[in-house]
Amino acid sequence: MRDRVIMHIDMNAFYASVAQHLNPSLRGRPVVVSGDPKKRNGIILAKSREAKAAGITTAEPLWQAQQKCPDLRVVMPDYATYKRYSKLARLIYYDYTNQVEPFGLDESWIDVTGSLALFGNDPYLVAQEISERIKSELGLTVSIGMSWNKVFAKLGSDTDPGDGIIQITRGNYQHSAWPLDAGDLMYVGPSTRRKLHSSGYETIGDIAGASDYFLQKHFGKIGFMLREFAQGKDNSPVRIMDPAKADVDYDIKGIGNGLTAPHDLCSPSEVKALIWLLSESVAQRLRESYLRCKTICVGVRRASDLSGYSRQTTLRQPTCLTADIANAAFDLLRANQPLDDEHAIRALHVRTTNLVNMDQFVQYDLFGDTEALLKREKLDYCIDALRDRFGNGCIRRVVEMTDKTMADLDIKRDNTVHPIGYLR
Amino acid sequence: MKGISERIKRYVSVTARMDEDGRVRPLSIQWYDGTTYPVDEVISIRRAASRRVGGDGLCYTIRIGERTTYLYFEDPKWFVEEVVA
């Protein structure tokens, strides 16, 4: 069978490039897109090529970046615009194939195997044309990786420094892909890389040649997957998605919200306020998606050393009630650490997984008060309806008002860009 | 181009005609000083980004008198690349 032709298209420094495109005076200057330091979200979300040259890295604090590069230009993120450009770019890809799988706002896989004959049978020319069109129509640059599987395609575009096309073929992958650092491979994060490194596995080629025993012992079944990735045996298809829909409208596996608090949280009431705020958004999104959750997870980042942990619990019955989620999350937290000055919390997240559709029957507790439960559900729906009509701020819980700095946060409204994973 | 030191993005009022099939054709441009410039000819329409002033949209290459210039439709606003002497 003929090999597939898959491209992974990655917009270079997406947020920063959009800012430079819209404001030409920023071109050729070090630009970063960063959150608001006043709300303590002041970390670097994206950087222009010039800022990168100055040694600025993504996710470092803004003040640190400004020390490295005094004439740094800082712009605020504008997600509506990013989404617009993301969509416009996707519309260009749809001119070449219907198989376009977005991976976040700035990356997409496209599979042109079937349509290649329409465009002259040369994948390189197609990639060039796409790159040119993005540049002339949107004023942005892209890196394109091309291969016969998704993993190597992404590897190609990730290794490209910008505005280039990299082909990884069956003929050259042992020379081009295998010498790369193991951490460049998808799903090799810092901790997997550490483990590989401590056993002497440094490159992607090393993973490709790893033994069953080693992989099983250290990584379980994920290990075998990594080896297949490294050998170019990834067969996962480029999923076809409805162009009209956003990149987020597929199977939901979990719903969660997190926030870096405006100030460190060091009392039960402050923690409770934030937990409720987050749970409120999570529960509301659950109900909107017509889902109930069984597992609730809280994640904590400590203020003292910025280390973190997460804990989860599974409920006996699936729920979509704000109160159930918030109480479960708060109980989890209280069981795991004291809530005082010494154990101040910097950031929190509340996440629900193990979702079930609301169509599914719920086995109620024989001795529980089902009627009260239904009543509370009705109340939550009623609140949702009010918020739908008058905005999320029209009705609030007292517990969320105890902290003035957080009282006017609207987590649900600000939650518009969703992370996605490769394995689904 | 000689004598042009800089260009800036200038949003303009445009009188346009929308056909029954949704195609839009600019008929005239009202400059901020009150002058109206009739669009004598639409030479081409394509999607393009303006490298000079930033922004992108449908780029109409138009002729006004003897001059050829670009008029961008950046949904829902129109802009031109104004020459700043």
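The model shown is predicted.

**Figure 1. The hairpin of S5(A) and S6(A) in chain A.** Strand S5 of chain A covers residues 100-102 and is joined to S6(A) in the antiparallel sense over 3 bridges. Within this pairing, Glu101(A) has Trp109(A) of S6(A) as its bridge partner. Between the two strands lie 4 residues, and in this hairpin Gly104(A) adopts a positive phi near 80°.

**Figure 2. Strand S6 of chain A, residues 107-111, and its cover.** This strand is mostly covered, with 5 of its 5 residues buried. In a regular strand, side chains alternate between the two faces of the sheet.

**Figure 3. The open sheet of chain B.** Chain B has 7 strands and 0 helices, so that its elements, read from the N terminus on, run β-β-β-β-β-β-β. The open sheet, with antiparallel pairing, places its 7 strands in the order S3-S2-S1-S7-S6-S5-S4. Its edges are formed by strand S3 (36-38) and strand S4 (41-49) of chain B, each of which pairs on one side only. On average, and with direction ignored, neighbouring strands of this sheet are turned by 35° against each other.

**Figure 4. The pairing of S1 and S7 in chain B.** Strand S1 of chain B, residues 6-18, and strand S7 of chain B, residues 77-84, pair in the antiparallel sense over 7 bridges. One residue of this pairing to look for is Glu6(B), whose bridge partner in S7(B) is Val84(B). Helix H5(A) packs on the sheet, where it touches S4 and strand S5 (56-64) of chain B, and the direction of H5(A) makes about 115° with that of S4(B).

**Figure 5. The contact between chain A and chain B.** In this view, 8 residues of chain A are in contact with 8 residues of chain B. On the side of chain A that touches chain B, the elements giving two or more residues are helix H1 (14-22) and helix H5 (123-138) of chain A. The largest share of that side, 3 residues, comes from H5(A). Sorted by class, the side of chain A that touches chain B has 3 nonpolar, 4 polar and 1 charged residues.

**Figure 6. Chain B and the domains of chain A in outline.** The C-alpha trace of chain B spans about 40 × 25 × 20 Å along its principal axes. Because a compact globule of 85 residues would have a radius of gyration near 12 Å, the 13 Å of chain B agrees with that expectation. Buried residues make up 18% of the 85 residues in this chain, and among the contacts in chain B with a separation of 6 or more, 36% join residues 24 or more positions apart. Chain A, for its part, is divided into domain 1 (1-176) and domain 2 (254-414), and the centres of these two domains, taken over C-alpha atoms, are separated by 35 Å.

Technical notes:
Residues are numbered from 1 along each chain as its sequence is written. Chains are lettered from A and ligands numbered from 1 in the order in which they are written. This is a predicted model: local features need pLDDT of at least 70, side-chain atom pairs count only at pLDDT 80 or more; totals for chains, interfaces and linings use all residues. Two residues are in contact if their C-beta atoms, placed from the backbone, lie within 7 Å. Ala, Val, Leu, Ile, Met, Phe, Trp, Tyr, Cys and Pro count as nonpolar, Asp, Glu, Lys and Arg as charged, and the others, Gly among them, as polar. Two strands pair if DSSP finds at least two bridges between them. Axes are lines fitted to C-alpha atoms, for helices over the stretch in contact, and angles run from 0 to 180 degrees between N-to-C directions. Domain bounds come from an automatic or database domain assignment. The radius of gyration is taken over C-alpha atoms; the globule rule is 2.2 Å times the number of residues to the power 0.38. A residue is buried if 20 or more other C-beta atoms lie within 10 Å of its own, exposed if 12 or fewer, and partly exposed in between; C-beta atoms are placed from the backbone.
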